Each structure stands twice: as C-alpha cells, then as structure tokens.
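Here is a short note to read beside the model. Please keep the view open and check each point as you go.

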Amino acid sequence: MLKFYFNGSPNPTKVALFLEEAGIAYQPVAIDTRKGDQFKPEYLAINPNAKVPAIDDDGITVFDSNAILLYLAEKTGKFLPANTPANRGELLSWLMFVATGVGPFSGQAVHFKHFAPEKVDYAHNRYQFEAQRHFGILNDHLAKRRYMVGDTYTIVDMDVWGWARMIPFVLGEEAAAKYPNVKRLVDEISARPAAAKAIALKDNFKFKAEMDDEARSNMFRHLSVKAA
C-alpha cells in the first residue's frame, strides 16, 4: 500500500486531496515537523530535503507536492486535462508557477508575518507583495475560465487550492475578497467530499501545536546557524 508522509500544512493537504479524489488506498504516516521527525534518518532516506509531503509507492519514492501530483496523475490517468500539446504546456507551466512562485512566496509571507523573531519591514513587504502578485495572476487567469487548464478539474486546481485556501492566513483575513475568481475555485473544491477528508486527515493524529523553542529549533534551523 502507498505510504503518504504528511502533516496538516498546505503542500501535504493538496496531495491528500488527490489521494481521496482518486480513491487510492494509502497509509498515512504523520511527520511532526515541530518535533523534528523530518530529520530522522529513515525519513531522510525518503526525502533528503527533510520536507513534507513524500510518498513511498511500493518502493518508488517521490517527494515535493507538485512532483507527487504529477506522478500520481500520470500513473492513474486521473485528473489530467485532455491530452493535447496545448493542454500539456499549460499543465506544466501552471504546476511550475505554483511550485516556484505561489508556494515559496506564500510560505515566506507567512514566516515574516507570523513567525519571524524580528519584524523586518523590508522582508515582510517583499513577500506580501509577491504573494499578492502571484494570487493576482491566478485571479486574472480564472476570470476567463472555470478551471486552471482546459475545461475540467485537474491536479493544477488541486495545486492552487492547497495554498489559496490559506489566503486569509497568508495575507490577512480580508484578503480573499480581493481575489474573487480564486475564491470561487477554492470554495468549489472545498465543498467536495474529498476536500473535507483531506483537511480532516490531520485530526486523526497528535501533532505538536505549540511553537516553542523546540519547534522553532526544528522548523527554523537557520536560527542556530550563522550562514553569512
């Protein structure tokens, strides 16, 4: 059975959404990053980058949420657009847009908004600006279509949903209203039974909730390293 290494953060949750949507039997394996589970040798053998999510599909290991989505979609033939060169180009472009832009800039926006031990106005403004810019691009794209690629629900929509459902946390409580087309997509996906299961998966496990010294040491290892 496929093993799914996860916690409740955005990137694992979008993979959980695919697993539930596709009806794939899987064994969830909790990785508590605030306790440092991601640095255990047995997990580093699966994902040397010490991040979640990752999967072990009968000995085939895949890490990074976008790689996992594409791997599972191509393996199962599910939640891909019609097989045309144009759709393939769009699929890869938007997957990479989320992987290299939406996710990283949203993550840094969250860090400097909520978790940085020092308030650095330059860093906070830069990442808020870039997160807003990326969500704005998604919003403009979705103004012209129901879904991200083609005319069907695909892994790109799942990919966007993972971070877009967190816009209030990333940008502030009122921010979602600034991106009505993104919100429409998020609301549609969130209403699906598979999404409810994906979001609730973490509730079956005991994850550390406190952001104490142990958690900060494991989540933000740069605090103990003078890199420059």
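1. Helix 6 (residues 155–164) packs against helix 8 at an angle of about 100 degrees, and their axes lie 10 Å apart. Axes here are lines fitted to C-alpha atoms, for helices over the stretch in contact, and angles run from 0 to 180 degrees between N-to-C directions. Helix 6 is therefore roughly perpendicular to helix 8; under 35 degrees counts as roughly parallel, over 145 as roughly antiparallel, 65 to 115 as roughly perpendicular and the rest as oblique. Helices (H or I, at least four residues) and strands (E, at least two) are DSSP runs, numbered from the N terminus.

2. This is a predicted model, in which local features need pLDDT of at least 70 and side-chain atom pairs count only at pLDDT 80 or more, while totals for chains, interfaces and linings use all residues. Residues are numbered from 1 along each chain as its sequence is written, and side-chain values use heavy atoms, with hydrogens and water left out.

3. Which residues bring helix 6 and helix 8 together? From helix 6 come Asp157, Met158, Val160, Trp161 and Ala164, and they meet Val182, Leu185, Val186, Ile189 and Ser190 of helix 8. Contact means heavy atoms within 4.5 Å. The residues of this contact are eight nonpolar, one polar and one charged; Ala, Val, Leu, Ile, Met, Phe, Trp, Tyr, Cys and Pro count as nonpolar, Asp, Glu, Lys and Arg as charged, and the others, Gly among them, as polar.

4. Helix 8 (residues 180–190) also meets helix 5 (residues 121–142): their axes come within 7 Å and cross at roughly 80 degrees. Helix 5 and helix 8 are therefore roughly perpendicular to each other. Phe135, Leu138, Asn139 and Leu142 of helix 5 touch Pro180, Asn181, Val182, Arg184 and Leu185 of helix 8. By class, six of the residues in this contact are nonpolar, two polar and one charged.

5. Helix 4 (residues 85–115) has 31 residues. From first C-alpha to last it reaches 43 Å, close to the 45 Å expected at 1.5 Å a residue; the expected span is 1.5 Å times one less than the number of residues. Helix 4 bends by about 35 degrees at Val98, the bend being the angle between axes fitted to the seven residues ending there and the seven starting there.

6. Four strands make an open sheet in the order 2-1-3-4, with mixed pairing; two strands pair if DSSP finds at least two bridges between them. Strand 2 (26–30) and strand 4 (60–63) are the edge strands, each pairing on one side only.

7. Strand 3 (residues 54–57) pairs with strand 4 in the antiparallel sense over four bridges. Ala54 has Phe63 of strand 4 as its bridge partner, and Ile55 has Val62. Strand 3 and strand 4 form a hairpin with two residues between them. In the turn, Asp58 has a positive phi of about 50 degrees, although Asp58 is not a glycine.

8. Where is Pro53 found? Pro53 sits in the loop between helix 2 (41–44) and strand 3. A cis peptide bond joins Val52 to Pro53, with omega about 10 degrees.

9. Helix 1 (residues 10–22) lies across strand 1 (2–6) and strand 2, at about 150 degrees to strand 1. Helix 3 (residues 65–76) lies across strand 1, strand 3 and strand 4, at about 135 degrees to strand 4.
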